[in-house]
Amino acid sequence: MSLSNWRKQARTEGSLVSDTKQPSENWSAETKFAVVLETAGFSEIDLREYCRRKGLYPEQIATWRQSFINGQKAVGWEVYDEESGEKAAGLLQRSVIGEQCLHEPLVQHSDNGAPMKSLTLLS
């Protein structure tokens, strides 16, 4: 079975099949919500396997889940091997510029780890 036929069959059966032409950060809210619902009862092992097949990170799904719970749009997230205040500040800056919300109230949700409290980010 060709990849194209497999993808068509999977869609027909109701499975979510990512479109490699559209990165997950460009997926619609409906598609992201469907992923959150589909993975809600997964164990950590099942979730990681699912993410490998879909080209996602478990952190993306966790972010989407939290965004839907909060009723807010996630405008920025990144995954690094290590944390730092500079990376956190860069993420925040790119997110604000990308959303063009420099002069609007901003709500930041984070894990409150050291990088999110660093002097670099607070400056």
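Predicted model: local features only at pLDDT ≥ 70, side-chain atom pairs only at ≥ 80, totals over all residues.
Residues are numbered from 1 along each chain as its sequence is written, and side-chain values use heavy atoms, without hydrogens and water. Local features require pLDDT of at least 70 and side-chain atom pairs pLDDT 80 or more, whereas totals for chains, interfaces and linings use all residues.

A pair of aromatic rings is described by the distance of the centres and the angle of the planes. Rings of Phe, Tyr and Trp (its six-membered ring) pair if their centres lie within 6.5 Å; planes under 30 degrees apart count as stacked, over 60 as edge-to-face and the rest as tilted. By this rule, three aromatic pairs are counted. One of them is tilted, because the ring centres of tryptophan 27 and tryptophan 64 are 5.8 Å apart and the planes stand at 45°. This pair links distant parts of the chain, 37 residues apart: tryptophan 27 lies in the loop between helix H1 (3-12) and helix H2 (29-39), and tryptophan 64 in helix H4 (residues 58-70). Helices are DSSP runs (H or I, at least four residues), numbered from the N terminus. Both tryptophans are buried, that is, under 20% relative accessible area, with exposed meaning over 50% and partly exposed in between (1.4 Å probe, protein chains only).

The rings of phenylalanine 42 and tyrosine 50 have centres 5.6 Å apart and planes at 75°, so this pair is edge-to-face. Phenylalanine 42 is partly exposed at 31% relative accessibility, whereas tyrosine 50 is buried at 2%.

Lysine 32, in helix H2, is buried at 16% relative accessibility. Contacts (heavy atoms within 4.5 Å) of lysine 32 include Trp27 and Trp64, not counting residues up to four places away in sequence.

Terms used. Helix = DSSP H or I, 4+ residues; strand = E, 2+ residues; numbered from the N terminus.
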